[in-house]
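Me: I have a structure open and I'd like to go through parts of it with you. Can we take it one piece at a time?
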Amino acid sequence: MRNEVVSIAQPSVEKIPVCAGSDAQVRLRLSDISKDFAGVSALSQVSVTFFAGEVHAVLGENGAGKSTLMNIIAGALRPDQGTITFEGETVGQMSPEVAASLGIAICYQHPNLLDDLSVLENLQVALPRRLFAGKPAEATARSILANVGLDIPLSERGDKLTIAQKQLLEVAKALAVRPKVLILDEPTASLDQDATELLFRRVHEAVEAGTSIIYITHRMAEVRQIAHRVTVLRDGRVRGGGTVDEVSDADLLAMIVGRTLGSTFPPKSARAAGAVCLDVRALRGTRFRDVSFEAASGTILGVAGVSGNGQSELMRALAGLEPFDGEIALNGRKVGRQELLRRAAFMPADRHAEGIAGSLSVRENAAAGALGRMGTLGVMSRRRELGMIDEIFDVLAVKAPGLESTIVALSGGNQQKVVMARALLSGPELIIADEPTQGVDVGARSEIYRILRKAADDGTAVIVNSSDAAELEGLCDKVIVLSRGRVVETLAGDDITETRIVGAAVGALTHFHETDQAAWKLSGGSRWRRMLEADNAPAIPLILVTILLALLGVSYNPHYLSAFNVSNVLQLTTTLGFIALGQTVAMLLGGIDLSVGPLSGFLVVVASFFINTGHPAGMFAAGFLLIVVGAATVGLVNGGLIRFANFTPIAATLAMYIGLQGASFLLRGGPGGYIDAGVVSALSVQIGPIPIAFLVMCVFAVGSEYLLRRSRLGWRLRAVGSDEFASRRIGLRVDRIFILGYLASALFTALGAIMLMAQIGVGDPQQGVSYTLESITAVVLGGTSLRGGRGTFIGTAIGALLLMEVLNVVSFLGMSQTWQYVFQGMLVLSSALIYATARGRGGRGSKLA
């Protein structure tokens, strides 16, 4: 795998010749496009034309409207006014599906990747079926990845990929469809020189084939190198543009920032360095070893090297976020991880994954690291909080609609400033900034450099990891260069030059042995690790626990494994199993269905008016038909309330829970309407001690598992549960999938209701309610994530069996019903904690380099 690093030397790719203006075909034209968000203008009267066979760069600061404009072209957003013309035809209403049909593809700056799906599944769910027709999907996927030089296991889950790998996968998806218009939004932000050169060659090939490339970047050198035309946005308006050869860098910068930009970097401190603030000795950890250096107060120390050589892991260890061996002394005092967590402030490279809490406001994100300083005796002072935040926001020049606005409403540069504000508000003795300017514009970069320099001048030690050697040259007072996790050079003063930094990083790479390299690769994901993190991984331990429980039951009572008891447990498991399979569908979507218990009881009550001894076969058929129709109606109503009435899944299904329970008591005040004995007998047929219905339930579980893993329907279900926004952007019909999911949940519950009918033999309004909690327990036991996107039907079926066995063992041991609830609760809590911990360990350290 190629190293994850921003290009540190501009690739040498032949400039693509510009099409003659009069002969160039207009591929896409935007006319007077405007878009507002909550009354705030994001775009105003934007008009721009994109030609076939050209690279058209779009420049602008974060918040200028670039991403909004690209989302409108891709169909993810609809303009408030204006027209879009594609190849001379006006597009009435652009959507992701329409954009794809026209041949428009987009590579987002923040990869539109579904973390809970594998690499292969990400490709299959996002790309047209025709690309996989006629040959094995694996071969097609490898060919798509090879086109961008990406070599990773197809079974690797999305959340285990590095930022660079995700970016290359996004580019691979976009190139695979051979689009007429290709939007590349900051595609090289996390790529190394080799990957950047390869990408530019692919862009060259696409342009020669007539593709119109819309290229968003903050790097002026890339504009000069690859683009033919350029358009500059500022504050949602077009500020200028033209052919690249006609516009100077100074003119472009003036258009971007609205002023003449002085030196990008603030002057370095002229005074002598202070006392040693950070003293690191023989530090070892994940991907780094024997690292020693000193950082003085009032200085900025840079960490350089080809990314993937331990820099980010070193930064996380210095912040106390990862374990390490060796010594770290902060202001003369040796410290461990817990003290570092309290005394150091960390700015992560991936702000979306680790830097911001997307559901919280700007104020809450800024205050999160300094809550102890904003109150007295644990009681927050709102006046002190607002005063501190307003003061630091003035210093950092944070632009936000308001403190209570959600953090995701801010531009990337302002989000990064909020991350910095949180760090500074905590009053740290050490600031650790990992790729602090990644994905921010030139104006915001200057502000970030100024902030870091001011923090250093105020006496705080600042450590900056950057894969941009020029950035380190302009900003840092001292630079250590890492290669293969070791410090290979230390530079200071006038020795800090881009040439020396790059030379030290690249030159050192050639001096390590193959055994060193092999050991390095082993630190990534292994087959065993992927097996342990697979959705079906809980099946084996669940089976083992089931066997141990059976042995425990036999040890206390030799009749525990009698044919009668085995049959009884499996019949109970069958009813719960069907209902829990339905609950699994809802939870895979990231929702929940609280109505399954009362629904099962309600359907039995309805059936008790039709499926009775002495009634004709037509009445029996009507009873079973009403079970199906009633369940389908409930499922559609649940889905509709969630998707179109803005109910949360809990609120919608809780309302249905109450309504169904009330309806059951309205139909029957107590038990009544005995089910025909012949029907009960038919539903209870056994092969030895094993009910046929149990085998049918197992077939449904296996079949559902197959569809979940091998069909587009299953991939789409998991995609929506993994990331609804990303699913919508790749063209999935999210609303339809949600409604079909809740319909499936209700229909599975209908099968459970039929088995419950055979089990109790009478319409009883008090029956069925307990299946809501029991189905959730079985699903969680089986390993399905409470957050959606990950789960297993097979695990659910085994979880249902284990739960019924636990309740049965408790009964055999003569314990009260109270203990049944105690054990049930313990099972839910322990399994949820175990699965969450196991899946969380995949983390950053296990990502492939």
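What follows is a short chat about some strands, helices and cysteines of this predicted model.

Me: Let's start with β19, is that strand buried or exposed?
Reply: All five residues of strand β19, which covers residues 430–434, are buried, so the strand is largely enclosed by the rest of the structure.

Me: Which residues sit on which side of β19?
Reply: L430, I432 and D434 are on one side and I431 and A433 are on the other, and both faces are covered.

Me: Which strands does β19 pair with, and in what sense?
Reply: Strand β16 (residues 344–347) pairs with β19 in the parallel sense over four bridges, and F346 stands opposite I432. Strand β20 (residues 461–465) also runs parallel to β19, joined to it by five bridges, and there D434 has N465 as its bridge partner.

Me: New topic: how many disulfides are there?
Reply: The structure holds zero disulfides. As for individual cysteines, C277 is buried with a relative accessible area of 2%, whereas C698 counts as partly exposed at 25% relative accessibility.

Me: Now the open sheet, what is the strand order?
Reply: Its six strands come in the order β6-β7-β8-β3-β9-β10, with mixed pairing. The edges are β6 (104–107) and β10 (237–243), and each of these has a single partner strand, so one side of each is left without a neighbour in the sheet. From one strand to the next, the twist averages 15°.

Me: Last one: at what angle do α3 and α27 pack?
Reply: Helix α3 (residues 119–126) and helix α27 (residues 712–722) pack at about 105°, with their axes 10 Å apart, which makes α3 roughly perpendicular to α27. The contact is made by E121, Q124 and V125 of α3 together with R712, W715, R716, R718 and A719 of α27, and these residues divide into three nonpolar, one polar and four charged.

Definitions and conventions
Residues numbered from 1 in each chain as written. Predicted model: local features only at pLDDT ≥ 70, side-chain atom pairs only at ≥ 80, totals over all residues. Heavy atoms only, no water. Buried < 20%, exposed > 50% of the residue type's maximum accessible area, 1.4 Å probe, protein only. Helix = DSSP H or I, 4+ residues; strand = E, 2+ residues; numbered from the N terminus. Pairing = 2+ DSSP bridges. Disulfide = S-S within 2.5 Å. Axes fitted to C-alpha atoms, helices over the stretch in contact; angles between N-to-C directions. Parallel < 35°, antiparallel > 145°, perpendicular 65-115°, else oblique. Contact = heavy atoms within 4.5 Å. Nonpolar A, V, L, I, M, F, W, Y, C, P; charged D, E, K, R; others polar.
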